[in-house]
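Thanks for coming, everyone. Please have the sequence and the structure open while I talk.

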Amino acid sequence: MGEGISDYTKFTVDLRRHMWKASVEMDLRRLIWQIAVMGKYISAKIHESHRKLAGFKNIYGEEQLTLDRSADEILKNQLEYSGFVREYASEERDAVIQIGKGDEKYFITADPLDGSSLVDTNLSIGTIIGIHKESILAEGKKTLAAAVYITYGPLITMVYSAGKGTHEFVLNREGEYVLSEENITLKERGDIYSLGGLRKEWTPAHLKYIEFLEKEGYKLRYSGGFVPDINQVLIKRGGIFTYPALKKSPNGKLRLLFELQPMAFIIEQAGGMATNGKQDILSIKVTELNQRCPIYIGSRFEVEKANEFLANG
Ligand code: AHG
Ligand code: MN
Ligand code: MN
C-alpha cells in the first residue's frame, strides 16, 4: 500500500475525539457532530437528484430549488428537538423559527446548499453553518460560538472552529470524519485570488486593487461556489476571495449572516482576516436577516491591501 494510505489508516483522530481533546463544551461538541452527520444526508440528497450530464434543465431547475429546500429541511429536522438549538435561521426561509422548547443554548444560521447553481456542472458545492450563543441579530464577534462548513467534492470534507483554531476533517469510507489538517494557519500572504461580480460592475477603487494583485502575479481561482472558493484559500494557506460592492448593488451579493459571519470566524481562527473593505465582518451591526455585504476574506496582506485601496477611493 502507498505510504500515504497506510499513514491515513494507521493514525486517525475522529471529529468527536478531536473536539473532546480540544475541550470544546459538551453540548457544542454534540451539536457540531450532528451538523457534520447532516452533511452525509445532504450529500445523499445531491446524489439522489441523479443529475445527468445531458442537461435535463427543466428537471434541474426544479431539482435546484428542491435541493436547496430539502437540504434546509434535513438540517432543521435534525436540529429540531436536538436539545441544543433554540432558533433556526436559514437562507431558504424569510424568518427565524423557534425549533426548541425555548431554553436551549444555541441559535443556528444556515446556508444549507451554497453554490446550488453548480449542481448540474458537477463542481463542488457546500453547506455553511453558524452556531451562535445568543440571538443572531447582533455582531458576529459577540454571538458566534462556532462555525462549520462542509464541502461536497471528490471527497466530503468538513472544516470547523469552536474558537480554538481551525481544523479540517475528511469523511472516510467507513463514514467517519477523520482529522486531516489541524490548526490550519494562513501565511501572511498567498498567491491566488478569487473574484466575484462582473468586472464592468466593479468600482474604480476595487478595480485598482485587482490590478495591483494582477501586477503581483496572483493566479485566478474562481468556481462560483463560495464554499469551495474560500476552502481553496484556506487549504492553500493564503490568497483572497472577494465579492465586492458593485455599481448597481453597493452591498455586493453575499449574505452577512448565512455566508460571511461563519466564514469570517473560521478564517480569523486560521490567522486570516475578513472585512467589507473597511470594517471587520464580525463587528458589522446586523440590521436585517438577509443583509448583504461586500467581502474581502483571506490572508492578512491581501485584505489589508484591499482596505487601503478602498480607503483611498
Ligand atoms: P447560494 O447558492 O447559496 O445562493 O450561493 C451562491 C453564491 C456564492 O456561493 C458564490 O460565491 C456566489 O453566489 C457566486 O455569484 P456569481 O454567480 O455572481 O459569481
Ligand atoms: Mn450561498
Ligand atoms: Mn444557498
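This is a predicted model: local features need pLDDT of at least 70, side-chain atom pairs count only at pLDDT 80 or more; totals for chains, interfaces and linings use all residues.

What spacing do the donors of the manganese ion (ligand 2) follow along the chain? They follow D-x2-D-x144-E.

The protein donors are Asp111 (OD), Asp114 (OD) and Glu259 (OE). They lie 2.0 to 2.1 Å from the manganese ion (ligand 2). Now look at where two of them sit. Asp111 is in strand β3 and Glu259 is in helix α8, so this pair ties together parts that are 148 residues apart in sequence. Asp111 and Glu259 are both buried. For Asp111, the relative accessible area is 0%. The cut-off for buried is under 20%, so Asp111 falls within it.

Which residues coordinate the manganese ion (ligand 3)? Glu91 (OE), Asp111 (OD) and Leu113 (O) do, at 2.2 to 2.3 Å. Along the chain, the spacing here reads E-x19-D-x1-L. Glu91 and Asp111 link distant parts of the chain, 20 residues apart. Glu91 is in the loop between β1 (85-90) and β2 (97-98). Asp111 is in strand β3, residues 106-114. Glu91 has a relative accessible area of 17%, so it counts as buried too.

Asp111 coordinates both manganese ions, ligand 2 and ligand 3, and the two ions are 3.7 Å apart.

Next, ligand 1. It has 16 residues around it. Asp114, Gly115, Tyr222, Phe226 and Tyr243 come nearest. Notice Asp114, which is also a donor to the manganese ion (ligand 2).

Let's go through some polar contacts. A polar side-chain atom of Glu91 is 3.1 Å from an oxygen atom of ligand 1. For Lys253, a side-chain N or O atom is 3.0 Å from a ligand 1 oxygen. For Arg255, the distance from a side-chain N or O atom to a ligand 1 oxygen is 3.1 Å.

How much of ligand 1 does the protein cover? On its own, ligand 1 has 470 Å² of accessible area, and the protein covers 78% of that. Two elements give two or more residues to the shell: β3 and β11 (240-243). β3 gives the most, with three residues. By type, the shell divides into six nonpolar, four polar and six charged residues.

Back to helix α8, where Glu259 sits. Is this helix mostly covered or mostly open? Mostly covered: 12 of its 14 residues are buried. Among them are Leu256, Phe258, Glu259, Gln261 and Phe265.

Gln261 lies in α8, residues 256-269. Its relative accessibility is 0%, so Gln261 counts as buried. What is it in contact with, leaving aside neighbours within four places in sequence? The list includes His132, Glu139 and Gly140. Leu256, Ile281 and Val286 are also on it.

Now for some exposed residues. Glu62 is in helix α4, residues 57-79. With 55% relative accessibility, Glu62 counts as exposed.

Trp20 is in helix α2, residues 15-21. Its relative accessibility is 57%, so Trp20 counts as exposed. Trp20 and Gln64 are 44 residues apart in sequence, and 37 Å apart from C-alpha to C-alpha.

Last stop: backbone angles. Ser23 is not a glycine, yet its phi is positive, at about 45°. Ser23 is in the loop between α2 and α3 (26-48). Asn122 is not a glycine either, and its phi is positive, at about 65°. You will find Asn122 in the loop between β3 and β4 (125-132). At 65% relative accessibility, Asn122 counts as exposed.

Methods:
Residues are numbered from 1 along each chain as its sequence is written. Chains are lettered from A and ligands numbered from 1 in the order in which they are written. Side-chain values use heavy atoms; hydrogens and water are left out. Helices (H or I, at least four residues) and strands (E, at least two) are DSSP runs, numbered from the N terminus. Buried means under 20% relative accessible area, exposed over 50%, partly exposed in between (1.4 Å probe, protein chains only). Contact means heavy atoms within 4.5 Å. Donors are N, O and S atoms within 2.8 Å of the metal (3.2 Å for Na, K and Ca); water is not among the atoms, so sites may look incomplete. A residue is near a molecule or strand if one of its heavy atoms lies within 4 Å of it. A polar contact is a pair of N or O atoms within 3.5 Å; within protein, one must be able to donate a hydrogen and the other to accept it, and residues adjacent in sequence count only if both atoms are side-chain atoms. Accessible areas come from the Shrake-Rupley method with a 1.4 Å probe; for residues, only the protein chains shown count as cover. Ala, Val, Leu, Ile, Met, Phe, Trp, Tyr, Cys and Pro count as nonpolar, Asp, Glu, Lys and Arg as charged, and the others, Gly among them, as polar.
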